[in-house]
Amino acid sequence: MPTSDVRRGPAAGDALQPATNARAFAAGRALRQGAKVLPEHARGHNRALVLQTLFHQGAMSRADLSRETGLTRVTISDLVAELIADGFVAEIGVREASGPGKPAILVDLDRAGHRIVGIDLSGSDTFIGAVLTLDGDIVVRREVPVPAAEQLVGTVVDLARALVSDAHAPVLGVGVGTPGVVDDHGVILTAPNFGWAGFDLQGALRDALGLPVLVANDANAAVLAEYTFGGAPDDVLLVKVGRGVGSGLLAAGQPMRGSRFAAGEIGHVTVGTDGGPRCACGKVGCLEAWLSAPSLSSRLAGTSSAAEREGILRDAGERLGIALAPVVGALDVSEIVLSGPHELLGGSLTDQTVETLRARTLAPSNDDEGVRVRMTTQGQDIVLRGAAVMVLSGQLGVS
Ligand SMILES: [Zn+2]
């Protein structure tokens, strides 16, 4: 794998191959939209196409692969032989013969042949790490308390090393989701909570671990998990509510990074003209100051009736809708996915966000209910699973 492929993170707009998943996979849907495939890149492109097809559709014969990818039988035979030699694909038996002739040999991703290490640095109290299968299933999990600032990198390295030794299989790479603004080389441009500014976390971890490492913003990692494992559409916004509020955006199946890698940083947009709580950033009335889990929880703790509680959740939902309406209007996203504490986000808050969005954006047509708002299906492991998608995408071109 060339170094340039190893180093690219999916936070980069052009690094993540536009994913195709089972329900959307169709012949001719280009893996890399909008970019010409040059002859010298064709082999890598075709290799990724084969892996992507097996990743989402499972075991099939070489003839099936040829049909699904539109590549010739000869090309498929070559590519499959190469992928078997590299340990990414395996022959897994034969299909029951349905007629005369030789039964077809089935090939699939060697799903047990490699593992991925995912790390989530977004927790308030703990860093979480996991060993994941290529299908995003967690097989080992570890947690460590968030250390003092000077021990941050050492703690992440130790956590990653422990997980690599737990993996009992070659590790394809290490994906890390972190708070802060992260460029497409995994350099943390700013992460005030950790005191990082212009810090090459990806490089530091790669040098310490001797493995491919990909670092991205936690919400940007999360939206990848929702896309690859949660069935999210190509145009989706994931809002992550925790200690802070951030979001990750896919447009036409491509991660949006913005001009300064800060696309999706909606937490410090002021919502309303009525003041509000003071935010950690110094302003008053930021979305984050209303909606972060600590802020919402402390306001709810001061309530004495169900109606008061309902009022606070409705108010927060309305403010989220106010912040999101121009995004929905400008980008025409079809789905907004919320990730965070279900007891805070799951009920009235989501309902009110939907009502506010409907009131503040173009009325949907008859056969269209407009933008959908729902909770994630990925639970608390969303960043870990997104970190796995970063590695799959960066190392295999699969997403
Ligand atoms: Zn703020």
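The chain has 13 helices and 16 strands. The model is predicted. Of the 399 residues in the chain, 52% are buried. Among contacts with a separation of 6 or more, 61% join residues 24 or more positions apart.

**Zinc site**

- Four residues coordinate the zinc ion: His268 through ND1, and Cys279, Cys281 and Cys286 each through SG.
- The distances from these donor atoms to the zinc ion run from 2.0 to 2.3 Å.
- Along the sequence, the donor residues follow the spacing H-x10-C-x1-C-x4-C.
- The arrangement around the zinc ion is tetrahedral because the four donor atoms subtend angles of 101 to 124°, and the tetrahedral class requires all angles to lie between 85 and 135 degrees.
- Cys279 has a relative accessibility of 7%, so this residue counts as buried; the cut-off for buried is under 20%.
- Cys281, another of the zinc donors, has a relative accessibility of 40% and therefore counts as partly exposed.

**Glu335**

- Glu335 lies in strand β15, which covers residues 335–339.
- With a relative accessible area of 6%, Glu335 is buried.
- A polar contact of 2.9 Å links the side chain of Glu335 to the side chain of Arg372.
- Leaving aside neighbours within four places in sequence, Glu335 is in contact with Ala232, Pro233, Asp235, Val236 and Leu237, and also with Val371, Arg372 and Arg374.

**Asp86**

- Asp86 sits in the loop between helix α4 (73–85) and strand β2 (89–94).
- The relative accessibility of Asp86 is 36%, so Asp86 counts as partly exposed; that class lies between the 20% and 50% cut-offs.
- Not counting residues up to four places away in sequence, Asp86 touches Arg47 and His114.

**Largest pocket**

- The volume of the largest pocket is about 1000 Å³.
- Its lining consists of 40 residues.
- Ser122, Asp218, Gly242, Arg243 and Gly244 are the lining residues that lie nearest the centre of the largest pocket.
- Three strands, β5 (126–132), β12 (236–241) and β13 (245–251), each supply at least two residues of the lining.
- The helices α7 (218–228) and α13 (382–396) also each supply at least two residues of the lining.

Definitions and conventions:
Residues are numbered from 1 along each chain as its sequence is written. This is a predicted model: local features need pLDDT of at least 70, side-chain atom pairs count only at pLDDT 80 or more; totals for chains, interfaces and linings use all residues. Side-chain values use heavy atoms; hydrogens and water are left out. Donors are N, O and S atoms within 2.8 Å of the metal (3.2 Å for Na, K and Ca); water is not among the atoms, so sites may look incomplete. Four donors count as tetrahedral if all angles lie between 85 and 135 degrees; four count as square planar and six as octahedral if opposite donors are over 155 degrees apart and all others between 65 and 115; anything else is irregular. Buried means under 20% relative accessible area, exposed over 50%, partly exposed in between (1.4 Å probe, protein chains only). Helices (H or I, at least four residues) and strands (E, at least two) are DSSP runs, numbered from the N terminus. A polar contact is a pair of N or O atoms within 3.5 Å; within protein, one must be able to donate a hydrogen and the other to accept it, and residues adjacent in sequence count only if both atoms are side-chain atoms. Contact means heavy atoms within 4.5 Å. On a 1 Å grid over the protein atoms alone, a cavity is a set of points where a 1.4 Å probe fits but cannot get out, and a pocket is an open set with protein on both sides within 12 Å along at least five of seven lines; lining residues have an atom within 4 Å of a point. Grid points are joined across faces, edges and corners, and a volume is the space filled by probe spheres set on the points.
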